[in-house]
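The sequence and structure are shown here for reference.

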Amino acid sequence: MSTSISGFSKLSKSKKIDWIVDSYFSNKEDAKSILKQYWNTNDKLQQLHDEFIENTITNYYLPLGVAPNFLINDTLYTIPMAIEESSVVAAASKAAKFWLDRGGFKTEVISTIKVGQVHFKYHGGFEVLNTFFKAVKPQLIAAVKPITKNMEKRGGGVIDIELKDKTKDIAGYYQLHATFDTQDAMGANFINSCLEQFAQTFKEKAQQFKDFSDSEKNIDIIMSILSNYVPECLVKAEVSCKLEDLNDYSGILPEEFASKFIQAVNIAEIEPYRAVTHNKGIMNGIDAVVLATGNDFRAVEAGVHAYASRHGRYSSLTHASVENGIFKFWIEIPLALGTVGGLTGLHPLVKLSLELLKKPSAKTLMSIVAVAGLAQNFAALSSLTTTGIQQGHMKMHLMNILNQFDANAQEKATLVEHFKTNNVTHSAVVEALKHLRTKH
Ligand code: HMG
């Protein structure tokens with residue numbers, strides 16, 4: 001049985017590794033050398049990574065790929081993607097190249113409002129609470145001035161605060177529901193700092209409010225935190241072309257392609273089992289760019305899936321139509337992203353990725369990320385409704401299977417050639433490798 005430990009966080013990195021290796025690994029030297037293999041030789045850079053999180057023992061690499069040829073609102077981009085899954089970057093690249101000759105992607109940032117809430121309990125009359133809220137609201141906004149003054153200079157700040165009565169759901173439960181404009185920052189720290197100040201001022205001023213009874217004065221703050229549900233931080237991305245221009249993507253006639261494609265989208269709109277996988281394919285593109293640009297993919301994931309369920313049933317994030325001979329395919333997605341603050345100014349590869357994207361504003365990054373999701377979905381649906389997904393996906397996955405069996409350069413070259421004209425499946429690759437090895 002493994003042992004527990006107290007004071008682990010206070011140990012040095014090398015002592016932490018010693019403890020882990022002693023407690024969990026039979027081949028201690030091997031385990032240690034794998035961990036150390038991933039340390040950066042530049043001590044300063046390694047220290048930077050060590051200090052991103054707590055109890056760091058090594059680095060966990062993800063490949064950073066790039067997908068070129070993305071024409072977005074008439075500007076050409078090469079999009080950085082950090083992801084471990086084969087065929088995602090190829091799929092995005094293929095879709096980008098296809099739409100490059102058809103006007104590219106068009107986007108519209110619909111809104112950029114972020115939300116935070118102070119959750120509190122109050123047992124008393126609503127009218128008097130509402131009167132207090134109206135009286136104290138300017139003081140709440142004044143109390144956060146030291147936090148908001150720089151954001152205001154950049155054009156952002158607190159937009160509004162509302163009092164919400166949630167007592168139908170939980171007795172005595174109310175919220176201060178605040179909205180924010182955080183400009184180019186994702187704004188989590190900014191919003192949380194404002195909320196905690198709102199809570200403190202709200203509680204203090206309640207104590208002094210003469211119309212409250214003694215018990216009403218005791219407002220019980222439960223918590224103050226931003227929401228990752230951002231249905232008003234919304235971007236739309238779209239591609240469209242004449243029906244007849246839907247040629248050469250997958251070798252079938254444009255009308256048939258469009259019809260099958262739209263049916264696939266319609267199925268994802270009404271069938272949650274399919275919608276989850278459909279949206280997973282979209283998130284292949286979204287998360288990869290979100291990660292490469294140092295944004296919080298967990299926040300994005302949570303917000304996106306909540307949005308996909310907003311009508312009471314989990315549904316597709318993309319939609320497609322043909323009207324008057326024009327094929328249209330679009331996504332509408334909530335994305336709270338930042339291009340300043342957080343990791344964006346710290347992680348060298350994040351800085352490089354943002355420079356590759358021409359140092360975008362948060363709004364431009366919202367557009368780019370939405371486009372990556374749309375492109376990914378276009379490529380996946382095009383394959384699913386024509387050749388099937390395995391043909392292209394397994395072609396890209398071939399190298400992983402060969403690496404799993406330690407194929408050398410010569411074996412790889414021979415089998416890559418062989419599988420240009422043969423279907424890639426795991427067992428076919430294993431068989432072909434076995435065959436090759438017995439021949440020599
Ligand atoms: P293909 O037509 O065999 O590719 O497609 P090609 O060799 O003819 O090349 C055409 C272009 O594709 C290239 O142009 C590249 O843009 C790109 P070029 O660069 O030559 O001018 N491309 C590549 N880019 C980088 N590296 C490569 C590469 N190969 C092609 N090695 C492809 C092959 C995989 C692109 C296609 O079959 C495809 O798009 N498949 C879909 C793959 C996919 O969606 N993968 C995601 C993982 S599966 C999943 O998790 C999601 C899913 O479940 C979601 C859902 O159900 O909706 C499917």
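Helices (H or I, at least four residues) and strands (E, at least two) are DSSP runs, numbered from the N terminus. The model is predicted, so that local features need pLDDT of at least 70 and side-chain atom pairs count only at pLDDT 80 or more, while totals for chains, interfaces and linings use all residues. Residues are numbered from 1 along each chain as its sequence is written, and side-chain values use heavy atoms, without hydrogens and water.

**Surface patch**

Helix α2 (residues 28-37) contains Ile34. Because its relative accessibility is 48%, Ile34 counts as partly exposed (between buried, under 20% relative accessible area, and exposed, over 50%; 1.4 Å probe, protein chains only). Ile34, Tyr38 and Tyr61 make a nonpolar surface patch of about 320 Å². Such patches join nonpolar side chains (Val, Leu, Ile, Met, Phe, Trp, Tyr) within 5 Å, from residues with over 30% relative accessible area and no salt bridge (a side-chain nitrogen of Lys or Arg within 4 Å of a carboxyl oxygen of Asp or Glu). Accessible areas come from the Shrake-Rupley method with a 1.4 Å probe.

**Pockets and cavity**

On a 1 Å grid over the protein atoms alone, a cavity is a set of points where a 1.4 Å probe fits but cannot get out; a pocket is an open set with protein on both sides within 12 Å along at least five of seven lines, and lining residues have an atom within 4 Å of a point. A volume is the space filled by probe spheres set on the points. In the table, nonpolar means Ala, Val, Leu, Ile, Met, Phe, Trp, Tyr, Cys and Pro, charged means Asp, Glu, Lys and Arg, and polar means the others, Gly among them.

| Space | Lining by class |
|---|---|
| Largest pocket | 23 nonpolar, 16 polar, two charged residues |
| Second largest pocket | 10 nonpolar, 16 polar, five charged residues |
| Largest cavity | 10 nonpolar, two polar, one charged residue |

The largest pocket has a volume of about 1,400 Å³. Of its 41 lining residues, Phe52, Leu291, Leu343, His347 and Val350 are the closest to its centre. Helix α12 gives the largest share of this lining, four residues.

The second largest pocket holds about 700 Å³ of space. Its lining has 31 residues, of which Ser87, Ala91, Ser383, Ile389 and His393 are the closest to the centre. Here the largest share, eight residues, comes from α13.

One cavity of 30 Å³ or more is present. The largest cavity has a volume of about 80 Å³. Met186, Ser227, Asn228, Val230 and Ala336 are the closest to its centre among 13 lining residues.

Key. Patches are made of residues with over 30% relative accessible area and no salt bridge: like charges are joined within 9 Å, nonpolar side chains (Val, Leu, Ile, Met, Phe, Trp, Tyr) within 5 Å.
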